[in-house]
Amino acid sequence: MEFWKQVPSNEPYRVILGDVRDKLYYTRERSRHILTTGVSDIPEESTFTNVEMFLEPLELCYRSLCACGDKPIADGSLLDFLRQVSTFGLALVKLDIRQESDRHTDVLDTITTHLGIGSYAEWSEEKRQEWLLSELRGKRPLFGSDLPQTEEVADVLGTFHILAELPADCFGAYIISMATAPSDVLAVELLQRECHIKKPLRVVPLFEKLADLEAAPAAVARLFSIDWYMDRINGKQEVMIGYSDSGKDAGRLSAAWQMYKAQEELIKVAKHYEVKLTMFHGRGGTVGRGGGPSHLAILSQPPDTIHGSLRVTVQGEVIEHSFGEEHLCFRTLQRFTAATLEHGMHPPISPKPEWRALMDEMAVVATKEYRSIVFQEPRFVEYFRSATPETEYGRMNIGSRPSKRKPSGGIESLRAIPWIFAWTQTRFHLPVWLGFGAAFKHIIQKDIRNIHTLKEMYNEWPFFRVTLDLLEMVFAKGDPGIAALYDKLLVAEDLQSFGEQLRQNFEETKRLLLQVAGHKDVLEGDPYLKQRLRLRESYITTLNVCQAYTLKRIRDPSFEVTPQQPPLSKEFSDKEPAELVQLNRGSEYAPGLEDTLILTMKGIAAGMQNTG
């Protein structure tokens with residue numbers, strides 16, 4: 001093959017680049033072998049293990065060409081390639097690793113039990129930190145090949161072993177989901193060392209639930225007070241805050257306010273310990289998961305929390321919308337860059353003490369209202385699973401992850417994505433607005449003058465304005481009449497009154513929101529978006545009706561629908577149905593039902609856009 005043809009020794013540039021070619025090939029093949037089988041016969045010495053090794057021969061060629069008077073050649077495709085390698089490295093993009101804190105606890109519990117020193121899972125936080133730090137400061141190996149491993153423990157350790165084998169440039173951060181305490185971070189540091197990761201990944205705690213966000217500043221301060229950890233991070237730390245699970249845990253209003261306060265306190269902690277803190281915003285595409293216009297979202301962050309750098313997740317449902325075409329990429333990057341610069345040059349105002357007091361009181365009321373319905377109302381789970389396509393979504397392979405963290409369990413075990421998705425499909429958006437109405441009502445009834453304070457907050461405080469504007473947009477896209485159709489077809493008669501109560505709550509919350517914003521109708525200040533929604537309305541409504549009846553037929557096979565079928569055009573009338581559409585023959589439902597349901601789900605989500 002020409003690819004492997006021997007290069008003459010009197011062609012020095014081709015000799016050097018031939019070696020680069022061979023190492024690139026072996027780097028790719030070794031990585032492929034390790035990812036598929038866990039081992040590779042190709043020695044590490046034959047590969048590039050970091051981008052500097054890749055750049056060294058290329059830069060040598062560049063300097064040589066310049067020294068020989070061939071700078072125009074050096075500044076051509078070689079310089080372009082050098083820039084590409086410097087930008088994208090060996091792996092195009094760095095892969096973040098993400099695992100739940102409980103999985104690390106299970107691994108360490110297995111180790112301590114095997115060593116006969118007790119159960120790590122039962123230790124207090126202080127004892128965990130003490131043991132982890134003593135091991136991190138020591139040099140003895142913690143476990144060997146004789147460690148008994150369950151499938152879950154082997155899965156976690158296997159991930160660490162893969163990280164040790166592949167080039168370090170392939171990976172970015174190790175994110176700990178559901179982080180609650182300093183020991184969660186130290187545990188990952190210890191496991192990285194024990195699995196012989198030469199260049200440990202930076203460890204990023206992800207605080208998700210309301211209580212964890214409240215405790216986050218104290219947990220980070222404790223980490224920064226540990227000399228070993230400060231030596232490890234070299235003055236830089238990244239902290240991730242989760243919009244999805246905090247909203248699912250306490251409702252949108254309380255979650256947004258707690259994340260705002262947590263960021264303020266985290267920045268104070270970082271300044272005290274002279275650490276550069278980067279906030280990593282775990283936002284989804286939907287409003288219920290922190291989504292919305294990126295420019296406004298950045299400008300509404302607390303003062304001093306960005307400082308020219310931030311990280312934001314761009315998740316599945318919005319990647320194509322933001323980066324699907326070249327011009328969209330440029331526009332998206334321009335928006336992020338402009339907002340980041342503007343936030344630094346013209347920081348948003350800090351909330352007044354009376355605004356904070358009002359928000360604290362509203363958050364307590366909103367959380368109580370949200371949890372009383374979602375977690376304490378005995379009829380809620382049955383109603384939710386009846387009135388939405390959540391059950392069918394969980395059975396169909398259309399998500400990036402299982403719909404539940406654990407096979408059993410109620411709302412607590414359901415992931416945030418299907419939780420939001422299910423309510424979006426019925427155009428009811430309950431997780432977004434539930435709690436706002438009770439909070440507004442409580443504050444206004446307590447003192448009628450508070451309505452003026454709320455209006456002042458809306459007009460002067462970017463955080464509060466963006467929060468209410470996104471809520472108003474969700475109400476513009478919602479339709480309790482569609483939700484009522486789902487109830488009529490799918491919900492048991494004894495639960496119908498509960499659905500009606502929720503729809504009344506929807507209307508009451510919408511009325512109070514417009515009163516606070518000073519609007520007569522939703523989207524009064526955005527006629528362009530209002531017109532776009534009006535154009536989409538008839539199409540989405542048709543899909544909703546189709547979906548509701550499809551769900552009815554799936555759940556009640558005896559249900560009969562007599563459609564008024566319009567005449568087909570001559571192009572299709574002579575063909576058999578099987579020729580017109582390819583159905584999923586492996587479906588557990590009657591022919592065509594699953595296909596119809598998936599199509600309606602995709603159509604409604606596309607029509608809802610950032611609430612879909």
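**Exercise 1. What share of the contacts in the chain with a separation of 6 or more do residues 24 or more positions apart account for?**

Solution. The model is a predicted one, in which local features need pLDDT of at least 70 and side-chain atom pairs count only at pLDDT 80 or more, while totals for chains, interfaces and linings use all residues. Residues are numbered from 1 along each chain as its sequence is written, and side-chain values use heavy atoms, with hydrogens and water left out. Taking contact to mean heavy atoms within 4.5 Å, residues 24 or more positions apart account for 77% of the contacts with a separation of 6 or more.

**Exercise 2. Describe the chain's elements, its burial and the confidence of the prediction.**

Solution. Begin with the elements, which are DSSP runs numbered from the N terminus (helices H or I, at least four residues; strands E, at least two): the chain has 28 helices and 6 strands. Next, with buried meaning under 20% relative accessible area, exposed over 50% and partly exposed in between (1.4 Å probe, protein chains only), buried residues make up 49% of the 612 residues. Finally, pLDDT, the predictor's confidence in each residue from 0 to 100, averages 88 over the chain, and 89% of the residues score at least 70. Among the elements, the lowest mean pLDDT, 56, belongs to helix α27 (residues 577–580), and the highest, 97, to helix α7 (residues 182–194).

**Exercise 3. Locate valine 522 and decide whether valine 522 is buried or exposed.**

Solution. Valine 522 lies in the loop between α24 (496–517) and α25 (527–555). Its relative accessibility is 10%, and therefore valine 522 counts as buried. Setting aside residues up to four places away in sequence, valine 522 touches Glu472, Phe475, Ala476, Lys510, Leu514 and Lys530. Arginine 511, 11 residues away in sequence, is 9.6 Å from valine 522, C-alpha to C-alpha.

**Exercise 4. Carry out the corresponding analysis for threonine 600.**

Solution. Threonine 600 has its place in helix α28 (residues 593–608). Because its relative accessibility is 2%, threonine 600 counts as buried. Apart from neighbours within four places in sequence, the contacts of threonine 600 are with Gln425, Leu543, Cys546 and Gln547.

**Exercise 5. Classify phenylalanine 88 by its accessibility.**

Solution. Phenylalanine 88 is located in helix α3 (residues 71–88). With a relative accessibility of 42%, phenylalanine 88 counts as partly exposed.
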